[in-house]
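Dear colleague,

Please find below the structure for your review. A summary of the findings follows it.

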Amino acid sequence: MALLQIHTLTRPIPSVSSVSSSSKPHSQNSLFFYTSKARPFSLSTQPRKLLCKSPLGKYVREDYLVKKMSAQEIEELVRGERTVPIFIDFYATWCGPCILMAQELEMLAVEYEKNAIIVKVDTDDEYEFAHDMQVRGLPTLFFISPNPNKEAIRTEGLIPIQMMRDILDNEM
């Protein structure tokens, strides 16, 4: 499938002092676009090759309270019996807001040590799981109540720590 390539041609725009009401029409000074059939552009069907291994992330280590889990571990955790809510953070190591949120999640993990389970899922490692969970922006948070009759709460983007506390305290 060949796509059209867009080329831009520009002409210099005269300075404001040299433009008068009787000067050339505006269309001569603006950008012109034309399309032409150029080299075919196609997306590669080859699997994605990483140039280097992605970093583990500054706030995802063995000694931190918020643990990184796989899709299978998350599914087992959600299906299992529990008396506390689960808080799932979908993040990426390259995401600035995710790093800021990781600091707040560590504080929440200390505050809610016995009252909530807080875990992380790396969307680069668990791409299909993130896609199935309809994660479109990062960070995305899921709050899952221990009560199976309550629906999960989902947030997208950086949210304040107080909002997370309110959800855990009042909605779960």
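Which residues lie nearest the centre of the largest pocket? They are W94, T123, D124, Y127 and L138, which belong to a lining of eleven residues. Please note that this is a predicted model, and that every value given here is computed from it.

The space in the largest pocket amounts to about 230 Å³. Sorted by class, its lining comprises five nonpolar residues, three polar residues and three charged residues.

As regards the overall fold, the protein contains seven strands and four helices. Their order along the sequence is β-β-β-α-β-α-β-α-β-β-α. Of the contacts between residues at least 6 apart in sequence, 71% link residues at least 24 apart. The protein has 172 residues, and 31% of them are buried. Its accessible surface is about 12,400 Å², with carbon and sulfur atoms contributing 56% of that area.

E106 is located in helix α2, which spans residues 96-111. Its relative accessible area is 13%; because buried means under 20%, E106 is classed as buried. Leaving aside residues up to four places away in sequence, E106 is in contact with Y64, L65 and V66. Along the chain, E106 and V66 are 40 residues apart, yet 6.3 Å separates their C-alpha atoms.

Yours sincerely

Key:
Residues are numbered from 1 along each chain as its sequence is written. This is a predicted model: local features need pLDDT of at least 70, side-chain atom pairs count only at pLDDT 80 or more; totals for chains, interfaces and linings use all residues. Side-chain values use heavy atoms; hydrogens and water are left out. On a 1 Å grid over the protein atoms alone, a cavity is a set of points where a 1.4 Å probe fits but cannot get out, and a pocket is an open set with protein on both sides within 12 Å along at least five of seven lines; lining residues have an atom within 4 Å of a point. Grid points are joined across faces, edges and corners, and a volume is the space filled by probe spheres set on the points. Ala, Val, Leu, Ile, Met, Phe, Trp, Tyr, Cys and Pro count as nonpolar, Asp, Glu, Lys and Arg as charged, and the others, Gly among them, as polar. Helices (H or I, at least four residues) and strands (E, at least two) are DSSP runs, numbered from the N terminus. Buried means under 20% relative accessible area, exposed over 50%, partly exposed in between (1.4 Å probe, protein chains only). Contact means heavy atoms within 4.5 Å. Accessible areas come from the Shrake-Rupley method with a 1.4 Å probe; for residues, only the protein chains shown count as cover.
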